[in-house]
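Notebook open, model loaded. I want to jot down what I look up as I go, chain by chain and sheet by sheet.

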Amino acid sequence: MRLISFVTDYVRYILKGSLKYYVWMASLSVLIVGMMVVFYLQNTEGLIVTGMTSQIHDGLYFANLVFLVGVAAGAVTIVFPAYVYHHDGMHKVTVLGEMLAISAVIMVNLFVLAHMGRPDRLWHMIPFIGIYNFPHSMLGWDVLVLVGYLVLNFICGFYYLYIKYVGGEVNKKFFMPLVFISIVWALSIHTVTAFLIATMPARPMWFHSMMPIRFIATAFAAGPCLIILAFLIIRRNTKMWVEDSAIRLLATIVTWCLGIALFLTMSEIVVEFYHRTEHANGLYYLMFGLHGLTGLVPWFWTSLALMVAAFVMFLIPAVRNNTRLLPVPCVMAFSGIWIEKGMGLIVPGFIPTPIGEVTEYYPTFVEWLMTIGIWAFGFFILTILFKGAIGILQGEVRYAGDRAAVAE
Amino acid sequence: MSTENKAPAETVLPASADPAQAAAPKATRRDFLKAGGVLSLSSLMGTAALMAQTDDAKATVEWAEHFQKNYRLMTDEEKNEARIRLERRHSAEYGKKVSVDISGPQAGVLMGYALNVRKCIGCRRCVKACVEENNQSRGSRPGERIEWIQVLRMERGEFSEEKMNHGYPEGLGIQVGGNAYTPVGQVLEGQFHYTPEAVPEKDATYMPIACMQCEKPPCVKVCPVRTTYREADGPVVIDYNWCIGCRMCMGACPYWARRMNVAKPVLPREDMNPATHYLGNRPRMRGVVEKCHWCLQRTRQGRYPACVEVCPVGARKFGNLLDPESEVSMILARKNVFRLKAELNTFPKFFYFYD
């Protein structure tokens, strides 16, 4: 009974909102409709409507997929300090981190759907009905850890909210093991995603053991950047107050993870270019262009400039601890990493092809529309989840006996 | 020519791969219903749709095709049903009698291939013959033209006295063997887009590549649904009906042997080769991956692959690796043989040799 009223109260609460809320959701919906249209187009015409070819067959979708797995894993930067270091400011907002992880994983799944040549046959992956190439296929592992992470965060997040809603105490024997599993699991999703591309000797640009740690470093920089931005927006627009201490800790985490990421980028450049074998051609294409093709060169240098500048800004305490200035380096680092880890990592892996062909990839309008639509869908979900969570945390939605009441 | 890959006489051949003698089994409505009586999800779907008196045979067949199992897990009965379905659909679509062979591997056969790099003249007749034999897409939009064989043109470099102290070259893929700005020695990075007036060209050598049919294929390992696998007689094949189009295999292949059908393949009726094999050259659909399979529709019937047959200089050799008397086995025993990218431990069954 209480569970039913939890669901109905939750739904009723998220349906109500200010005009600003409705406008925001409506504009996201427009983009989502656009995404559906191009998804239909892609699955009737084929992938020819995208810029992908047999030479460069992973593009914008795969790039966003990889990046968003990082954002999902980044949620652990809230959960870890909250439960391991008992950080008070973080503890109050842990559930928001879990909500972010849920929406990021949903976005990842949508990008998987967009990437597939035959999404109608995805059931072939379901064990027993189809065939699941486990444990050989790294993609199989990736699906496993991503689905597991989604379930873990859903249980942890909504169990906590439900307890808050009915006003009871969290059952620690049940809850704490799940929290610690989800912390380790967060690392696993990004490690496995890194393995997905790092285990291909055919693609020398990706074939190195630095990939997982680099993925995690960039994830723990980009994820908290988004979380900081979200927290600042929440402080402005809702009754919920996120403690300064939480934001400061996140800024510190971003600073050092960004520093490590830059260090790893530098290491890669030195190692690859000292002798510059043919295996360095991918990186060379990214940084300087190859055989006159320079499609990604401006992207790379923009990304590097953004990341370095953001790092310097984060290093200055006056910027890092100033919540008015903080969004600037956050946006810079977030977009810098989005480029570096997305297009900047995936596309040069295919240039040149294993037989030495140098071609370029340009995302088409269809791909951009799909990508923006999926992000819009992610933000749509995120807004709902945040709104519901904040309502419960603030005590606006709570169980009121037989007759559920929603305070406005 | 050798006789090592002649099919034993007692083998029952469902359909000849030779278009001239193609005698496809009759696929009547009654047969189809009878076959559909076997308990399987796919046949139930197909029969149910037939019972519902759908006029459009193609839609019915496609619906049943959607729910069929992975080819490897099908019983012989189900394989036969799948064959009949495909023959019906393709015959209707291409307006000719299309046969879909489902004959399996024979015991004691391990297919192998050897290519004489010294003999190849770069004429690319193999590329053309392959496309015609294997029903590849031949459209004009980018990505719609698919070729499984690439002939890489390699430049011969030069050493010249006046340039000997000019420092190392700046270009790419150039062996830094001496000091010169021009390519030195053989340029190891080939180019498959070339338009010569005549072949062979004086300043070039040629290196044809295609699927290496590895014994330890990276593409098979990464496939999340096991739609691509090694057949018992050697070739790595794809069940096109089971492929989800994730393209992991394409990323894993070190020889760039795999192609994506980015659109519905463009295959004009008159050009369609009606003698097909289920795991081989039957027409593919949108969104799936395809690659060379050593012309299973021919080789399982004791014929040579199209590229071997068409090669004007006899650079291409094909045969049974388990038969010590076969041409390929003799080459492996006696010639200077190497494998491409041997350091990756993929163990290709496609060998290069020179006299």
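Predicted model: local features only at pLDDT ≥ 70, side-chain atom pairs only at ≥ 80, totals over all residues.

What share of the 355 residues in chain B is buried? I get 47%, with a residue called buried if 20 or more other C-beta atoms lie within 10 Å of its own, exposed if 12 or fewer, and partly exposed in between, the C-beta atoms being placed from the backbone.

Residues are numbered from 1 along each chain as its sequence is written, while chains are lettered from A and ligands numbered from 1 in the order in which they are written.

**Entry: chain B overall**

I looked up the secondary structure and found ten helices and twelve strands in chain B. Helices (H or I, at least four residues) and strands (E, at least two) are DSSP runs, numbered from the N terminus. Then I checked contacts, meaning pairs whose C-beta atoms, placed from the backbone, lie within 7 Å. Taking those in chain B between residues at least 6 apart in sequence, 65% join residues at least 24 apart.

**Entry: domains of chain B**

I have three domains here: domain 1 (25–96), domain 2 (111–149 + 210–354) and domain 3 (150–204). The bounds come from an automatic or database domain assignment. Where domains 1 and 2 of chain B meet, I see eleven residues from domain 1 and 13 residues from domain 2. On the domain 1 side, helix H4 (residues 76–94) of chain B gives the largest share, four residues. That side of domain 1 splits into three nonpolar, four polar and four charged residues. For the classes, Ala, Val, Leu, Ile, Met, Phe, Trp, Tyr, Cys and Pro count as nonpolar, Asp, Glu, Lys and Arg as charged, and the others, Gly among them, as polar.

**Entry: a four-stranded sheet in chain B**

I traced an open sheet of four strands, ordered S10-S2-S12-S11 (chain B), with mixed pairing. Two strands pair if DSSP finds at least two bridges between them. Strand S10 (316–320) and strand S11 (336–338) of chain B are the edges, each pairing on one side only. From one strand to the next the twist averages 30 degrees; axes are lines fitted to C-alpha atoms, for helices over the stretch in contact, and angles run from 0 to 180 degrees between N-to-C directions.

I went through the pairs next:

- Strand S2 (residues 111–116) of chain B runs antiparallel to S10(B), joined by five bridges. Tyr113(B) has Phe318(B) as its bridge partner there, and Gly112(B) stands opposite Gly319(B).
- S2(B) and S12(B) run parallel, with four bridges. Leu115(B) is bridged to Tyr352(B), and Asn116(B) stands opposite Phe353(B).
- S11(B) and S12(B) run antiparallel, with three bridges. Phe338(B) has Tyr352(B) as its bridge partner.

So how covered are the strands S2(B) and S12(B)? In S2(B), five of its six residues are buried; in S12(B), four of its five are. I also found helix H10 (residues 327–334) of chain B lying across S2, S10, S11 and strand S12 (350–354) of chain B, at about 110 degrees to S10(B).

**Entry: where chain A meets chain B**

I count 34 residues from chain A and 41 residues from chain B in the contact. On the chain A side, the largest share is three residues from helix H6 (residues 138–166) of chain A. By class, that side has 14 nonpolar, 14 polar and six charged residues.

**Entry: helix H2 of chain A**

Helix H2 (residues 19–45) of chain A has 27 residues and reaches 39 Å from its first C-alpha to its last, close to the 39 Å expected at 1.5 Å a residue. The expected span is 1.5 Å times one less than the number of residues. Its buried residues are Leu28(A), Ile32(A), Met35(A), Val38(A) and Gln42(A), and what covers them includes helix H15 (365–393) of chain A. After H2(A) comes Gly46(A), with a positive phi near 105 degrees.

**Entry: Leu229(A)**

I find Leu229(A) in helix H8 (residues 211–237) of chain A. Why is Leu229(A) listed as partly exposed? Because Leu229(A) has 15 C-beta neighbours inside 10 Å. Leaving out residues up to four places away in sequence, Leu229(A) touches Pro327(A) and Cys330(A). Leu229(A) and Val328(A) are 99 residues apart in sequence but 9.6 Å apart in space, C-alpha to C-alpha.

Note on methods:
Contact = placed C-beta atoms within 7 Å.
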